[in-house]
Amino acid sequence: MLDSEKSLIKKCQSGHVESFELLIRNYEKRAFNIAYRMLGNEADASDATQEAFIKVYKHINKFKGDSSFSTWLYRIVTNTCLDILRKNKNRKTLSYDNPKETEEGTIKREFVDHKNNTEKTLERQMIKKELHECINSLGDSHKTAIILRDINGFSYKEIANILSCSEGTVKSKINRARKNLKNLLEEKRELFKDHMV
């Protein structure tokens, strides 16, 4: 940990708000990226990131420096996202793909795409959507491991610190998550192969 970061942490622990703002400035983007990948949309990711930063601010006195500040912060972001995912499992969602029943009949929702999309762009978007859906269908611990390692590029050691487990456990989770993800993607490919030209 840099001396300047240590100094900012000490000031934060004394209640200095401006120091806290300076401290988290370096981590905002990556924290949001983790939340976005875990939750799947900007609004929830923004809320989760803010909630995590509030937790960090409230509990900064509990930070002892046993791990790096970034690891401690990303652990809080990850746990906040996992809490939100658990809460949302019981929440009913409305899909824009499904028709809406009204007194006048069934209305199918349609949106105008103002972008000049080429076939390759549409194909990339479809692949990205399928990959995102497959990642989201993984169990929470596997999803988190994939997001931290393969999307955010954390080392095994960093992930172990963020998830409070051993590096061996992290490697095992990532290995199983990748196998599950590969199987899910192969199933999707089989599903769509007859519809592809």
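Tutor: Leaving aside neighbours within four places in sequence, V170 is in contact (heavy atoms within 4.5 Å) with Y156, I159, A160 and C165. This is a predicted model, where local features need pLDDT of at least 70 and side-chain atom pairs pLDDT 80 or more, while totals for chains, interfaces and linings use all residues. Residues are numbered from 1 along each chain as its sequence is written, and side-chain values use heavy atoms, with hydrogens and water left out.

V170 belongs to helix α9, residues 167-192; helices are DSSP runs of H or I of at least four residues, numbered from the N terminus. V170 counts as buried because its relative accessibility is 1%; buried means under 20% relative accessible area, exposed over 50%, and partly exposed in between, with a 1.4 Å probe and protein chains only. Its C-alpha is 9.4 Å from that of H142, at a separation of 28 residues in sequence.

R149 lies over the face of Y156 at 4.2 Å from the ring centre, and K171 lies over the face of Y156 at 5.4 Å.

K143 sits in helix α7, residues 140-151. K143 is buried without a salt bridge, and the nearest side chain of opposite charge, D140, is 5.6 Å away. A salt bridge would need a side-chain nitrogen of Lys or Arg within 4 Å of a carboxyl oxygen of Asp or Glu; Lys and Arg count as positive, Asp and Glu as negative, and His and the chain ends are not counted. The side chains of K143 and N136 do form a polar contact of 2.9 Å, meaning N or O atoms within 3.5 Å, one able to donate a hydrogen and the other to accept it. Beyond four places in sequence, K143 touches R37, M38, L85, I135, N136 and L138.

Now the rings. The structure holds 8 aromatic pairs: rings of Phe, Tyr and Trp (its six-membered ring) with centres within 6.5 Å, stacked under 30 degrees between planes, edge-to-face over 60, and tilted otherwise. F20 and Y57 are edge-to-face because their planes are at 70°, with centres 5.0 Å apart. F20 is in helix α2 (residues 17-25) and Y57 in helix α4 (residues 42-58), so this pair ties together parts 37 residues apart in sequence. F20 is buried at 7% relative accessibility, whereas Y57 is partly exposed at 31%.

Key
Helices (H or I, at least four residues) and strands (E, at least two) are DSSP runs, numbered from the N terminus. A charge sits over a ring if NZ of Lys or CZ of Arg is within 6 Å of the ring centre and within 35 degrees of the ring normal.
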